[in-house]
Amino acid sequence: MATPLILRNSPCFHLHRCPLSFPKPFPSFPFSTCRTRPLNSTKMEASEITEEVAERRGTNMNVKKKIFVAGATGNTGKRVVEQLLAKGFSVKAGVRDLDKAKTLLSKDNPALQIVQADVTEGSAKLAEAIGDDSEAVICATGFRPGWDLFAPWKVDNFGTVNLVEACRQRSVSRFILISSILVNGAAMGQLFNPAYIFLNVFGLTLVAKLQAEQYIRKSGINYTIIRPGGLRNEPPTGNVVIEPEDTLYEGTISRDQVAEVAVESLVHPESSFKVVEIVSRTDAPKRSYKDLFGSIKHR
């Protein structure tokens, strides 16, 4: 009999809304998109051309694009922010509580901007928070367990969809979602897996996450969906193992490693348009992320 998924420290998983009809797919943008006005007129004065070129050069050379992190004060989200900053990225941390964020995140780092962003408040406000200076979004949100059985859908389903739509409004074409293994447990024959039962007790959490994933996959955005095993707050013990979707039904992983996988997704094109499941194992060999992501085939 398969060993049930080990859950420690109340692992938090994440979801969102899935309407019945899907919008038109995203246009094909490169990872770093330059937002400039098009040369619509076929007849331009020399001064106008000079101004246009100067504008484009300024956009390319003087504006360092940022990575927007939703859920930046969460147990996993704050680790994502820390690792992004450590690797030289500029970060825009989207948080619900600005005062809390100031106590948890580095206020003195010039590469970090903290903005208010609640994924449950709709795509228009999120688009304003994301702004024109973000080139990718990492979703590390998660509902807080409580008596509200709709909380998983508000945050992990509707909230994720709001983020995707906000990316559409801002022409952000890279989206990374931190989800959970067993979201498709029913199709995997894991209906009686204790972890699948436990996580769905709170308002069908895994079902909400799965529908959010499906929305992302049909949106046309360049996505990486990361499904970690049981989340641990302790430092890593063992190496990261990456498997195809609907493969893993047990295992744990340090939140530090989950954050690392999310950050590495940004710099490895092998991760694009893929769903990966991750755990850590002490007997697993150390492999590069290029090899790990490259070992997963598109479905």
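So, helix H6: the residues buried there are Gly159, Thr160, Val161, Asn162, Leu163, Val164, Glu165, Ala166 and Cys167. Keep in mind as we go that this is a predicted model.

What covers those buried residues? Quite a list of elements, including strand E1 (66-70), helix H4 (123-130) and strand E4 (134-139). Helix H5, strand E5 (174-178) and helix H8 (205-219) are also among the elements covering them.

As for the helix itself, H6 takes in residues 158-170, so to speak, 13 residues in total. From the first C-alpha to the last, H6 reaches 18 Å, close to the 18 Å expected at 1.5 Å a residue.

Okay, next up is strand E10, residues 274-281. Is E10 buried or exposed? Well, 7 of its 8 residues are buried, so the strand is largely enclosed by the rest of the structure.

And who are the partners of E10? One of them is strand E6, residues 222-228, which pairs with E10 in the parallel sense over 5 bridges. If you want a spot to look at, find Arg227, which stands opposite Glu277 in E10. Then there's strand E8, residues 239-244, and here the pairing with E10 is antiparallel, over 6 bridges. For that pairing, look at Val240, whose bridge partner in E10 is Ser280.

Now, the largest pocket. You've got about 620 Å³ of space in there. How many residues line the largest pocket? There are 29, and the ones nearest its centre are Gly71, Gly74, Arg96, Gly142 and Arg144. Sorted by class, the lining has 10 nonpolar, 11 polar and 8 charged residues.

Where does that lining come from? Helix H2 (77-86), strand E2 (90-95) and helix H5 (151-155) each give at least two residues. H5 has the largest share, with 3 residues.

Last, let's zoom out to the whole protein chain. Its secondary structure comes to 10 helices and 10 strands. Of its 299 residues, 51% count as buried. And if you take the contacts with a separation of 6 or more, 75% of them are between residues 24 or more positions apart.

Terms used:
Residues numbered from 1 in each chain as written. Predicted model: local features only at pLDDT ≥ 70, side-chain atom pairs only at ≥ 80, totals over all residues. Heavy atoms only, no water. 1 Å grid on protein atoms, 1.4 Å probe; cavity = no way out; pocket = protein on both sides within 12 Å on 5 of 7 lines; lining within 4 Å. Points joined across faces, edges and corners; volume = space filled by probe spheres on them. Helix = DSSP H or I, 4+ residues; strand = E, 2+ residues; numbered from the N terminus. Nonpolar A, V, L, I, M, F, W, Y, C, P; charged D, E, K, R; others polar. Buried < 20%, exposed > 50% of the residue type's maximum accessible area, 1.4 Å probe, protein only. Pairing = 2+ DSSP bridges. Expected span 1.5 Å × (residues − 1). Contact = heavy atoms within 4.5 Å.
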